[in-house]
Amino acid sequence: MTVLVTGTAGFIGFHVAAALLDRGEAVVGIDSLDPYYEVALKEARLAQLAPRPGFTQIRGDLACPATLEAVMAAHPGIDRIVHLAAQAGVRHSIDNPRAYIRANVAGHLEVLEAARHLQGLKRMVYASTSSVYGANAKRPYAVTDPVEQPVSLYAATKRADELMSRTYAHLYGIPLVGLRFFTVYGPWGRPDMAYFLFARAISAGRPIRLFGNGTLLRDFTYIDDIVAGVLAALDRPLTWGDGPPHRLYNLGNNRPEPVTRLVALIEQALGRKAVVELTGMQPGDVEATAADITESARDLGFAPSTPLDVGIPRFIDWFAGHYPA
Ligand SMILES: NC(=O)c1ccc[n+]([C@@H]2O[C@H](COP(=O)([O-])OP(=O)(O)OC[C@H]3O[C@@H](n4cnc5c(N)ncnc54)[C@H](O)[C@@H]3O)[C@@H](O)[C@H]2O)c1
C-alpha cells in the first residue's frame, strides 16, 4: 500500500518521505515547489528522492481541487496521508497574508476532501505548529491548553486546520492526527529559519540580528526526532474515546534553549565568530516556546533524543558540504 506525502520538496516532507522509503513503503509525493525560499534547494531534495524505488513525485498545487482528484485517480493504492505542505513562516504572513489562506486553508480543505472520498483510508497525519499557542503565558504549552490567542495569521490558519480536521473527523469518521511541531532544524533545513540564516551570515562574515535582544527561548527539535514522531502518529494504534477520531500532539524537544546558545554552537561548528546586532521583538514573535509532551510520550512513544549540541554540528556538516565557501 502507498502513503501520500504532501510537501515532499520541503524540509520535513523530504525527511518523512525518505524514512518511509527506508522501511520499504511506496510513497507518492506532491509539492508545488513554491518559490517562498530557494527552489534550487527544493529541487536538490527531490533529486535525492527521485531515484529511490517506490517513489513517485507529482508537481501540483493542492489548493486546486483538480490536483488531488487526478492524483487519487492515478494512485488507487493510497491508504495513508501525511500532509506537510503549507505556506510556513511567521514573519512572511505579515506581508503575504493571502498565500497562507490559499496554501493552509484552501489546500488543507482539499486534502481533507481527498481523504473523505478515499476508500479504506487508514489514517491522515497533518502538520500544525507550536505557534497556535500564541500569546499564552502558561508554559510549557500543553495540548489541553486553550489556543484562542494567535499572534500571527500563520498561527490562525494552522488553528483553522485543526478545527477543520476535527469537523471532518466528526462528520465522516476520518481518523486524523494533528502534530504541533516546535522549531524543527537539521540537515536539508529551511533557509528562512534563524539557525540557517545565522549559519549563512556567520560563514559569510555578515552580522546577525538577534530579536528580543537575544533573550528569546526556543524548543529546538531535531529533524530525526520529528520524523520518528510523524511515523508513530501514522502507525500507532490509538484509542479515540467517545469523541470524533481526531487527536492533537505536541512534537517538541521539551528543552527550551536561549537563541544565544544556538549562536554559540553554530560559531563553534563553523569555527567563526558572529557579529551580533541586538534588536527588539518582531510582530508575530513569541518570547519562548516549550512543549509539554506528556500525551505524545504516552500515546506515540515520543522521546526526543538529540540535544542541540549534537544536532547543530550535524546541520553544519550538511550546510558546509551543500554550500561550500
Ligand atoms: N520547520 C518547522 O520548524 C515547523 C514548525 C512548525 C510547523 N511546521 C509545519 O510543518 C510543515 C512542513 O514544514 P517545513 O519546515 O517542511 O516547510 P517547507 O516550506 O520546507 O515545506 C513545505 C512545502 O510545501 C510546499 N507547498 C506550499 N504550498 C503548496 C501548495 N499549495 N501545493 C503543494 N505544495 C505546496 C512548498 O513548496 C514546500 O516545499 C508545514 O505545514 C509547516 O507549517 C514546520
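Author: Two residues are in contact if their C-beta atoms, placed from the backbone, lie within 7 Å. The model is predicted, with local features requiring pLDDT of at least 70 and side-chain atom pairs pLDDT 80 or more, while totals for chains, interfaces and linings use all residues. Residues are numbered from 1 along each chain as its sequence is written.

Reader: Which residues does V16 touch, not counting residues up to four places away in sequence?

Author: V16 has its place in helix α1; helices are DSSP runs of H or I with at least four residues, numbered from the N terminus. V16 and V82 stand 66 residues apart in sequence and 8.6 Å apart in space, C-alpha to C-alpha. Leaving out residues up to four places away in sequence, V16 touches V5, V82, L84, V227 and V230.

Reader: Is V16 buried or exposed?

Author: A residue is buried if 20 or more other C-beta atoms lie within 10 Å of its own, exposed if 12 or fewer, and partly exposed in between. V16 has 27 C-beta neighbours inside 10 Å and therefore counts as buried.

Reader: Which element gives the most to the shell around the ligand?

Author: A residue is near a molecule if its C-beta atom, placed from the backbone, lies within 6 Å of it. Of the 28 residues around the ligand, G7, G10, A85, A86 and A127 come nearest. The elements that give two or more residues to this shell are α1 (11-22), β2 (26-31), α5 and β5 (123-129). With three residues, the element that gives the most is α1.
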